[in-house]
Amino acid sequence: DNDPATAISVNSAIAIEKEIAADTMGTIFSHTRNHFLPWLEQCTLALIEQLNHYYEGIRKSALISLFQFLRSFHELSNSPLWEPGANLTIPLDPKVEHLVDLVMKPVMELWVMEDDKSVVSTLCQDLSETLAKLGPGMLSKYFNEICRNVQAILEGKSLCQQDPDADEDDEPLEEQAEFDSVLISATGDLVSALATVLGPDFAQVFGTFLPLIAKYTTGQRSNTDRASATGTLGEVITGMKGGITAFTEPVLKVTTALLRDPDPEVRSNAAFATGVLIENSDTDISTHYGEILQLLSALFNVQAASGQSEKHGRDNAAGAVSRMIIKNSTAIPLDQVLPVLYGALPLQNDFLENAPVYRAIFHLFRTSPQVMMNYLNVLLPAFAAVLSPDTPDQLTTDVRAELVELVRHLNQQVPDQIAAAGLAGVA
């Protein structure tokens, strides 16, 4: 009856049951919505208590459900959509703010004391998702503390990254490296979420984060870490918009170097980051266009047997070149660039890049219509592909509407070509 093995087995079984129960709470609230409200505070307090449990699976499940509680409760408040910025223009509903305080105080305490990387990774991932839902109102009391904890992780100084008692019987180095990569990726997602929520105001702290993120893009880091950090740069730029201007030169130096990286996923992410930097910065980067175009040209060399990363990279390169055209088409040798760019259409992998690609097409039809008429033989089949009822998700509503208008305009000039491309019904 006093067999230690039996006691451990029973204890483990109870812990696993608690883990499942904690994980289920958030799902139940998200589906039952208002019907769950009478038990919300009681369940919140019960989950907070589990943040101190010895079993990391329970701590992770409690975090996941607590953040799901915040997202679901915010949805029920019917609050207006938040606006990015440090100056809060749309505050949280008072009841939601109360729940945020109830949850975030113990979560922040856990973050500092947590020694398990997978738990901290979960915390960063779910905090990122919750920030995206609740917006800057969630940051008003916790921004500085979040930044300190993020900085500690990127510097390798957080408690979960210290292992003074490590010995040869612990996890293999490969497994430890995987935990490290997941943690850095999750932290990068959180930095991106902060940039999206704060918009240009994220510039106030980006100077601290930029060298820390750039450190993970260097050659001695794994392909996974380099790709993740490069992706983070692209998402941060997208979130900061014009706020990236002050950092244009150092960021461009990093992204252009990464366009030479041996790993195709890193190059793909670098193409996206370079493109959105050019799009959002108020600094004129056209003097660098020649070098950038040369580096991007290699990403268009994709064969049918190429891997998914290479194909994704071609779409990101098409998006980057298109953003360059929109920003300053006079700095681009169109006769050399357009045949390569339009040879990549229709995009096959990253349909989000259709937005800059088609906006660049609209721009050139407005500014250089005679040049564009020379490319109708490749453009019209691409138009037909993205406007097909079989591919409704390839274009945003506004881009689709403008493309339809362009097709109608072209139908007045070259109706036979429009009909031959199967676009007569659109026109």
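Mentor: Proline 84 touches Thr196, Val197, Leu198 and Gly199, leaving aside residues up to four places away in sequence; a contact here means heavy atoms within 4.5 Å. Proline 84 sits in the loop between α3 and α4. Helices (H or I, at least four residues) and strands (E, at least two) are DSSP runs, numbered from the N terminus. At 49% relative accessibility, proline 84 counts as partly exposed. On this scale buried means under 20% relative accessible area and exposed over 50%, with partly exposed in between (1.4 Å probe, protein chains only).

All of this comes from a predicted model, in which local features need pLDDT of at least 70, side-chain atom pairs count only at pLDDT 80 or more, and totals for chains, interfaces and linings use all residues. Residues are numbered from 1 along each chain as its sequence is written, and side-chain values use heavy atoms, with hydrogens and water left out.

The loop that holds proline 84 also holds asparagine 78, between α3 (56-76) and α4 (94-113). Asparagine 78 has a positive phi of about 55° although it is not a glycine, and it is exposed, with a relative accessible area of 67%. Lysine 241 also has a positive phi, near 55°, and is not a glycine. Lysine 241 lies in the loop between α9 (223-240) and α10 (248-258) and is partly exposed at 46% relative accessibility. Another loop, between α14 (334-342) and α15 (354-367), contains proline 346. A cis peptide bond joins leucine 345 to proline 346, with omega about -5°.

Helix α4 contains methionine 113, which is exposed at 61% relative accessibility. Val112, Met113 and Leu159 form a nonpolar patch on the surface, with about 290 Å² of accessible area together. Such patches are made of residues with over 30% relative accessible area and no salt bridge, nonpolar side chains (Val, Leu, Ile, Met, Phe, Trp, Tyr) being joined within 5 Å and like charges within 9 Å. A salt bridge is a side-chain nitrogen of Lys or Arg within 4 Å of a carboxyl oxygen of Asp or Glu. Accessible areas come from the Shrake-Rupley method with a 1.4 Å probe; for residues, only the protein chains shown count as cover.

In helix α2 (residues 40-50), the buried residues are Leu40, Cys43, Thr44, Leu47, Ile48 and Gln50. They are on the same side of α2, because they cover an arc of only 155° around the axis; the arc is that of the directions from the helix axis to the C-beta atoms. Gln42 and Glu49 are exposed on the face turned away from that buried side.

Cysteine 43 has a relative accessible area of 13%, and cysteine 160 is also buried, at 4%. The structure holds 0 disulfides, a disulfide being a pair of cysteine sulfur atoms within 2.5 Å. For cysteine 160, the closest cysteine sulfur is in cysteine 124, at 8.3 Å, too far for a bond.

As for the whole protein, there are 19 helices and 0 strands. Of its 427 residues, 49% count as buried. Residues 24 or more positions apart account for 72% of the contacts with a separation of 6 or more.
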